[in-house]
Amino acid sequence: MLQTGLTHTSVLKVEDAHTAANIGSGDMQVLATPIMMALMENAAMLAVDQELPTEQTTVGSYINCTHLKPSPIGAEIMATAQLVKVDGRKLDFHVVAMQMPTEDEEKAGKEPVVIGEGEHTRYIVDRERFLSKL
C-alpha cells in the first residue's frame with residue numbers, strides 16, 4: 001500500500017528543444033511551461049513507480065501550477081513531487097520546480113529559486129487494461 005510522503009526529484013538541463021519558442025507555447029527562448037509541468041509529472045510518476053506491481057503504472061489526470069520565473073537555456077531545473085494523499089487509486093501530489101544556481105552563483109551564496117509550484121493528481125491503472133481502451 002502506498003504511503004504519503006513518498007518523493008522523487010527529476011532534473012532537466014534546459015536546451016533549445018525545451019524552450020517556449022521551440023515547442024510553440026510562446027515565442028521566447030526560455031523554459032516552456034508545458035516542459036516544466038512535464039518534469040513535475042515525471043517526478044510524481046517516479047515517486048510511486050517502485051511501490052507498484054510491474055503490471056500497474058500511474059497516469060496524470062490533473063495539474064494546476066504556477067510558472068513564476070523564466071529560466072534560460074543552460075539552466076538546471078529540479079522538479080520534486082511529494083505524495084500528499086492516497087484515496088484508493090487516486091494519488092495527490094504537491095509539486096515544486098526550482099532553478100538551481102550555477103556553480104559561480106552557488107559559491108557566491110545564491111540559493112535555488114522556486115520557478116513553479118502546484119498540485120498534481122495521478123491514478124493507478126493496470127497497463128494492459130488501460131491500453132485496451134484505446
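This note goes through the nonpolar core, the salt bridges, the pocket and the cavity of a predicted model.

1. Basis. The model is predicted, with local features needing pLDDT of at least 70 and side-chain atom pairs counting only at pLDDT 80 or more, while totals for chains, interfaces and linings use all residues. Residues are numbered from 1 along each chain as its sequence is written, and side-chain values use heavy atoms, with hydrogens and water left out.

2. Nonpolar core. The largest nonpolar core has 24 residues, and Ile77 and Phe93 touch the most other members. Such a core is a set of buried Ala, Val, Leu, Ile, Met, Phe, Trp, Tyr and Cys residues joined through side-chain atoms within 4.5 Å. Buried means under 20% relative accessible area, exposed over 50%, and partly exposed in between (1.4 Å probe, protein chains only). Two or more residues of this core come from each of H2, strand S3 (76-87), strand S4 (90-100) and S5. H2 gives the most, with seven residues. Helices (H or I, at least four residues) and strands (E, at least two) are DSSP runs, numbered from the N terminus.

3. Phenylalanine 93. Neighbours within four places in sequence are left aside here. The remaining contacts (heavy atoms within 4.5 Å) of phenylalanine 93 include Ala44, Ala47 and Val48, then Ala81, Leu83 and Val84, and also Gly118, His120 and Arg122.

4. Salt bridge between glutamate 41 and arginine 122. The whole structure has three salt bridges, each defined as a side-chain nitrogen of Lys or Arg within 4 Å of a carboxyl oxygen of Asp or Glu. In one of them, glutamate 41 pairs with arginine 122, with 3.4 Å between the closest N and O atoms. Glutamate 41 lies in helix H2 (residues 33-49) and arginine 122 in strand S5, so the pair ties together parts that are 81 residues apart in sequence. Arginine 122 is buried at 5% relative accessibility, whereas glutamate 41 is partly exposed at 27%.

5. Salt bridge between lysine 107 and glutamate 103. The closest N and O atoms of lysine 107 and glutamate 103 are 3.6 Å apart. The two residues sit four apart in helix H3 (residues 103-107), and about one helical turn therefore separates them. Both lysine 107 and glutamate 103 are exposed.

6. Salt bridge between glutamate 105 and lysine 110. Here the closest N and O atoms are 3.7 Å apart. Glutamate 105 is partly exposed at 27% relative accessibility, and lysine 110 is partly exposed at 38%.

7. Largest cavity. On a 1 Å grid over the protein atoms alone, a cavity is a set of points where a 1.4 Å probe fits but cannot get out, and a pocket is an open set with protein on both sides within 12 Å along at least five of seven lines; lining residues have an atom within 4 Å of a point. There is one cavity of 30 Å³ or more, and the largest cavity has a volume of about 40 Å³. Its lining includes Glu105 and Lys110, along with Lys69, Gln99 and Met100. By class the lining has three nonpolar, one polar and four charged residues.

8. Largest pocket. The largest pocket holds about 160 Å³ of space. Val59, Arg89, Tyr123, Ile124, Val125, Asp126, Arg129, Phe130 and Lys133 line this pocket. Strand S5 (113-126) and helix H4 (127-132) each supply at least two lining residues, and S5 gives the most, with four. Five of the lining residues are nonpolar, none is polar and four are charged.

Terms used. Grid points are joined across faces, edges and corners, and a volume is the space filled by probe spheres set on the points. Ala, Val, Leu, Ile, Met, Phe, Trp, Tyr, Cys and Pro count as nonpolar, Asp, Glu, Lys and Arg as charged, and the others, Gly among them, as polar.
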